[in-house]
Amino acid sequence: MMSSLLYEKRPLKKPRIGPPDVYPQEPKQKEDELTSSNVKLGFPTTTHLDDEFGTARHKPVTASKVGAYFNSIIARKEELSTLPDSGRKRQQINPKDNFWPATIRTKNAIEAWFKDLAGNKPLMNLSKKAPNFNKKEEIFMMLCEYQVPVLRAAWFIKLSSAYTVAVSEAKIKKRQMPDPTTEWTGTLIKFLKDQVPKLQEHYALTEKSNPPVTSATADTEQKLAIRQWSYCSQLLKYMYEEGLLDRQEVLNWILELLEKMRTHPPDDGVLRLILPLALQYLDEFVQSELLSRRLAYLCCKKLGYMLNNVAESNLVTSPQGDVNKVEQKDGEKEKKETVPLNPMQSTLVEYQNCPHHRDLVLQLSSILQTVILECPTSMVWCGAGVGSVWHGSPLDLLPIPPSALPMPARCDTNSYRKQLRQAENNIRERSKRAEGHWCSDKWQACTTGVTTTCVLAALDALDRHRFDRMDATNSLDTLYAKVFSSGNDQENAVVKLLCEWAVSPERTGEHRALAVAALLDRRQSDTSSSTDQDAAPGDDKDSNSSVPGGPPMFQSLLMKFLDTDAPVPSPDDTPQKKTAFTNLVHLFSELIRRDVFSHDAYMCTLISRGDLLGHEETTDMSHTKLEDHSHTMDYDDSKIDDDLDKILQNIKEDQQNSMDVPDSPKDHDHGHHQHMPSSMGHVPMETDHNDHKVKPSRHLLYTTHFPLAQDDPFSQHDCNQRHVLLYGVGKIRDEARHTVKKMSKEICKLFSKKFSVDVAEGGKVKKHSRNEFNFEATTQKCQSLSYFDQHVVTWQCSVTVIEMLNSFATGNSNYLPVQEHVAFLFDLMELALNIYGLIDVCIQILKELPEVEAQLMAKNSVLMRNYTTSLSLYIVGVLRRYHCCLL
């Protein structure tokens with residue numbers, strides 16, 4: 001009976017079945033064709049379904065194949081996303097076609113549209129006709145009223161922003177467009193600010209009367225304010241994480257809310273809404289010492305008031321507040337032990353038992369404890385800024401240590417408190433040292449104390465200097481006066497500090513190397529000029545200053561730094577150590593460029609000490625008989641023979657002198673060397689025959705990586721000298737030169753006619769060029785070279801770009817470099833830390849662009865405005881990113 005009922009209720013027309021496991025059954029499919037081969041042999045499915053079963057072991061997939069597949073997908077996606085420029089005038093798009101004004105007359109349509117937005121209707125359909133509000137605050141009201149999901153709400157905000165930009169572009173053509181991120185941040189924060197007074201009024205009435213006596217209208221407004229606050233707080237968090245808001249403004253606004261809250265109880269209710277908001281952004285606060293200090297100061301101030309006020313007023317009403325009963329069972333006996341508690345602990349017990357204050361105390365304690373663990377520097381005592389947040393320490397306002405505050409029940413209390421106590425001890429110790437200016441009284445009067453004071457003053461000047469701006473009170477001159485204020489007595493310590501400050505991975509910024517090189521160059525120039533004025537005609541005094549024919553002033557100090565304090569890389573280094581070595585390379589690149597450190601004197605010192613002697617034996621089997629092979633040198637420099645003769649003469653003299661000098665414990669062991677590949681190129685290694693341990697040769701690494709200027713004709717001697725000492729005169733030298741030339745040729749291919757913009761053909765770039773160049777693989781190859789070779793390669797490519805632009809500007813060519821290819825070259829220069837070269841190339845390109853634009857105008861090209869504008873904006877963005885390096 002049941003089966004018949006089910007059979008009767010079956011629909012007459014069967015719905016379309018879904019796809020089966022292999023192929024859906026379609027009319028006129030090949031399987032149903034009754035051909036002679038199909039009748040005799042059956043339908044052959046293996047030609048179509050060989051990937052549906054079996055194994056793929058015979059088709060190995062390597063990382064390079066996956067990268068190639070992915071690159072082809074990206075290239076195809078970019079090709080499909082690129083709209084062809086037909087050369088005709090663009091079709092004007094009227095944004096009003098997709099938007100309709102939100103007024104009282106369109107109220108029903110607005111309600112229907114927002115219901116669809118809060119539902120599941122596709123956003124593509126909603127974007128065809130969207131409401132436009134005159135006031136942005138109305139948008140948040142509507143989104144809250146219909147409880148639109150934050151993802152779809154953010155989409156509507158971006159849609160409204162696009163409409164505003166489109167309308168503004170029509171009105172404001174030449175002036176700079178406002179940043180929509182800043183505008184929406186201000187609007188959303190202002191909307192949330194408007195809810196705070198209503199919330200304060202609600203909680204103030206709640207505290208005065210229980211139950212509160214309010215009118216129906218006021219009660220409705222306050223409920224609406226709470227609802228809008230809750231919804232917009234969620235929207236704020238989502239837009240913050242998506243990068244749609246100004247993060248610094250949001251964090252400052254939260255701190256301003258907490259600062260305006262009074263410490264006494266009437267504002268405790270509002271704190272219940274603000275503190276959870278602060279907890280949501282706590283991981284962002286601890287990234288900044290200044291923000292963390294302000295936040296910790298507010299938490300300590302509130303906690304200090306709560307604890308001192310209750311403890312002094314004797315408001316502890318619990319009968320068990322003065323004792324802590326611990327029950328211990330021993331067999332059938334029960335033993336009770338009472339442990340007295342101090343007033344602060346009793347107060348904390350009362351707060352934890354109070355349903356109104358428990359959440360406040362836990363939230364304030366959690367914020368404070370997190371700041372102590374994640375950003376302890378913000379808690380260190382400071383003697384500056386009397387009467388402000390920065391004076392003293394936020395912990396001065398707290399009557400008990402943070403480790404004694406309550407903690408969440410789910411955390412490991414013992415381990416957590418142990419970490420907090422350790423952090424408190426470190427903060428206490430650092431505060432004592434900071435209060436004593438990091439030097440005890442008995443040491444301040446001695447020579448070491450004076451040196452420490454001068455070094456700390458110089459370090460403070462470096463850290464406080466604003467390299468992003470320049471005025472009468474903040475310039476390189478003012479920084480120079482502060483750093484070298486101690487005179488010549490403490491100069492050695494200050495120079496060492498400058499090197500360590502530039503190399504340290506604890507600081508950030510590529511500007512440090514350029515700043516240190518500029519400061520030492522200025523000091524060297526001032527000292528040399530003052531020495532020349534003081535010296536009488538005919539005086540013949542030994543001096544370490546930079547004089548013609550002699551080493552630079554700081555050559556010996558910098559050499560000592562390389563011998564003992566400079567970082568030495570190894571394959572198993574941590575990221576911080578690798579960063580320190582790259583900073584070292586960048587520093588000495590700038591020092592060599594400014595003639596503060598002589599590379600020629602450095603090479604002569606290494607030769608005289610025999611530091612490179614062992615390496616020379618492995619670079620060529622006949623390296624010990626260099627004079628027999630000097631005729632095989634084929635350098636382009638015509639003076640290479642003279643340079644080689646000088647090198648050989650130095651080697652012979654130093655070998656002869658070293659035979660008369662007894663061995664020193666500091667001498668390097670001249671064993672055999674081998675090249676070891678690493679992420680920074682070939683790393684020479686030094687083998688110790690006594691203990692058979694392999695260790696990197698410090699100065700061979702430095703010689704390999706320290707860059708030299710390629711556009712300076714006087715540096716060619718240093719380049720030739722370096723090349724001979726590292727690679728000899730045989731096959732290894734030729735291979736090294738060939739590797740660099742091959743790398744330069746491969747990158748310069750991007751700036752050939754095939755990969756460039758053809759102005760004569762309307763600005764077209766051949767499509768197949770995108771698939772013939774693997775940017776990721778080329779980047780890896782370039783980074784596998786030494787920093788010296790990376791500088792050579794990027795310099796040669798940058799010369800090609802400048803020549804290409806100049807050739808077009810003078811009318812000798814119709815080809816321009818593609819902006820993406822120029823950006824790729826700039827990326828390589830950044831990875832090589834060729835910052836000065838990058839800035840120089842940017843300036844040269846900007847100088848060429850007016851002539852390029854004039855030539856485009858003369859050719860009546862469709863690229864006339866877009867090309868030069870987009871390229872100049874990109875280059876200005878690069879210069880803005882490195883504006884601190886423009887010293």
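Is the crossing of helix 25 and helix 29 left-handed or right-handed? Keep that in mind while you set up the view.

This is a predicted model, in which local features need pLDDT of at least 70 and side-chain atom pairs count only at pLDDT 80 or more, while totals for chains, interfaces and linings use all residues. Residues are numbered from 1 along each chain as its sequence is written, and side-chain values use heavy atoms, with hydrogens and water left out.

**Stop 1: a helix pair**

Select residues 599-609, which are helix 25, and residues 716-727, which are helix 29. Helices here are DSSP runs (H or I, at least four residues), numbered from the N terminus. Two packed helices are described by the angle between their axes and the distance between the axes. For this pair the angle is about 30° and the axes are 9 Å apart. The axes are lines fitted to C-alpha atoms over the stretch in contact, with angles from 0 to 180 degrees between N-to-C directions. That makes helix 25 roughly parallel to helix 29, a label for angles under 35 degrees.

Now for the opening question: the crossing of helix 25 and helix 29 is left-handed, meaning that the near helix is turned anticlockwise from the far one by less than a right angle.

Show side chains next. From helix 25, His-599, Asp-600, Met-603, Cys-604 and Ile-607 meet His-717, Asp-718, Gln-721, Arg-722 and Leu-725 of helix 29; contact means heavy atoms within 4.5 Å. By class, these contact residues divide into 4 nonpolar, 3 polar and 3 charged. Ala, Val, Leu, Ile, Met, Phe, Trp, Tyr, Cys and Pro count as nonpolar, Asp, Glu, Lys and Arg as charged, and the others, Gly among them, as polar.

**Stop 2: helix 19**

Move to residues 447-464, helix 19, and pick Thr-453. Thr-453 is partly exposed at 43% relative accessibility (buried is under 20% relative accessible area, exposed over 50%, partly exposed in between, with a 1.4 Å probe and protein chains only).

Asp-460 is partly exposed at 36%, whereas Arg-464 is exposed at 59%.

**Stop 3**

How many salt bridges does the count come to? The count comes to 20. Here are some to visit:

- Asp-565 and Lys-496, with the closest N and O atoms 3.6 Å apart. Asp-565 lies in the loop between helix 23 and helix 24 and Lys-496 in helix 21, so the pair ties together parts 69 residues apart in sequence.
- Arg-881 and Glu-830, at 2.6 Å from N to O. Arg-881 is in helix 35 and Glu-830 in helix 33, so parts 51 residues apart in sequence are tied together. Arg-881 is partly exposed at 46%, while Glu-830 is buried at 19%.
- Asp-477, Arg-522 and Asp-526, which are linked in a network of salt bridges.

**Stop 4: a buried lysine**

Finish with Lys-237 in helix 10, residues 216-241. Is Lys-237 buried or exposed? At 17% relative accessibility, Lys-237 counts as buried.

Definitions and conventions. Helices (H or I, at least four residues) and strands (E, at least two) are DSSP runs, numbered from the N terminus. Angles under 35 degrees count as roughly parallel, over 145 as roughly antiparallel, 65 to 115 as roughly perpendicular and the rest as oblique. A salt bridge is a side-chain nitrogen of Lys or Arg within 4 Å of a carboxyl oxygen of Asp or Glu.
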